[in-house]
Amino acid sequence: RLPIIIYSVVISLMLLSAMVKLNDLNWNASAAVLVAIGAFLFYLSDIVLAWNKFVSPFNYGRIYNIALYHLGQIMLIAGVIVQYHR
C-alpha cells in the first residue's frame, strides 16, 4: 500500500504544480494551458489504468489509457516547448 500512496501523492503534486502554472505570470498563457491539460490527461490515464486493472475492466480500457497517456505527454512537451522556445 505504501508505494501506491507515495505514487498517488507524487502524481497529484505533479497535477497541482501544472495547474498552478495557469496563474503564474512568468508563464505564457498558451504554454500554461497546454501543460495543465497535459498533466490532467496524464493523471486521467492513471485513473483509467487503475480502474481497468483493479476495479472493473471495461471495453477498450487499455486503449483509452494509452491514448490519454500519450496525448498528455505530447501536450506537456508542447507546453514546455512553447514556454521556452526563443
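The following legends describe close-up views of a predicted model.

**View 1. The largest nonpolar core of the predicted model.** This core consists of 8 residues: Leu15, Ala18, Trp27, Ala31, Ala32, Val35, Ala39 and Leu76. At least two of its residues come from helix H1 (2-20), and at least two from helix H2 (29-55). H2 provides the largest share, 4 residues. In soluble globular proteins, nonpolar side chains tend to be buried together.

**View 2. Helix H2 and its buried residues.** H2 comprises 27 residues and spans 37 Å from its first C-alpha to its last, close to the 39 Å expected at 1.5 Å a residue. The buried residues of H2 are Ala31, Ala32, Val35, Ala36, Gly38, Ala39, Leu41, Phe42, Ser45, Asp46, Val48 and Asn52. The cover over these residues includes H1 and helix H3 (61-84). At the start of H2, the backbone nitrogen of serine 30 lies within 2.7 Å of a side-chain oxygen of asparagine 28.

**View 3. The surroundings of serine 45.** Serine 45 is located in helix H2. With a relative accessible area of 1%, serine 45 falls under the 20% limit and is therefore buried. When neighbours within four places in sequence are left aside, serine 45 is in contact with Asn65, Leu68 and Tyr69.

**View 4. Tryptophan 27 and its aromatic partner.** The whole structure contains 3 aromatic pairs. One of them joins tryptophan 27 and tyrosine 84 in an edge-to-face arrangement, with 5.9 Å centre to centre and 80 degrees between the planes. Tryptophan 27 belongs to the loop between H1 and H2, whereas tyrosine 84 belongs to helix H3; the two are 57 residues apart, and their pair links distant parts of the chain. Tryptophan 27 counts as buried at 14% relative accessibility, while tyrosine 84, at 49%, counts as partly exposed. Not counting residues up to four places away in sequence, tryptophan 27 touches Lys21, Ala32, Val35, Gly79, Gln83 and Tyr84.

**View 5. The aromatic pair of phenylalanine 42 and tyrosine 69.** The ring centres of phenylalanine 42 and tyrosine 69 are 5.5 Å apart and the planes stand at 45 degrees, so this pair is tilted. Here too, distant parts of the chain are linked: phenylalanine 42 is in helix H2 and tyrosine 69 in helix H3, 27 residues apart. Phenylalanine 42 has a relative accessible area of 15% and is buried, whereas tyrosine 69, at 33% relative accessibility, counts as partly exposed. Tyrosine 69 is also one of the residues in contact with serine 45.

Note on methods. Residues are numbered from 1 along each chain as its sequence is written. This is a predicted model: local features need pLDDT of at least 70, side-chain atom pairs count only at pLDDT 80 or more; totals for chains, interfaces and linings use all residues. Side-chain values use heavy atoms; hydrogens and water are left out. A nonpolar core is a set of buried Ala, Val, Leu, Ile, Met, Phe, Trp, Tyr and Cys residues joined through side-chain atoms within 4.5 Å. Buried means under 20% relative accessible area, exposed over 50%, partly exposed in between (1.4 Å probe, protein chains only). Contact means heavy atoms within 4.5 Å. The expected span of a helix is 1.5 Å times one less than its number of residues. A polar contact is a pair of N or O atoms within 3.5 Å; within protein, one must be able to donate a hydrogen and the other to accept it, and residues adjacent in sequence count only if both atoms are side-chain atoms. Rings of Phe, Tyr and Trp (its six-membered ring) pair if their centres lie within 6.5 Å; planes under 30 degrees apart count as stacked, over 60 as edge-to-face and the rest as tilted.
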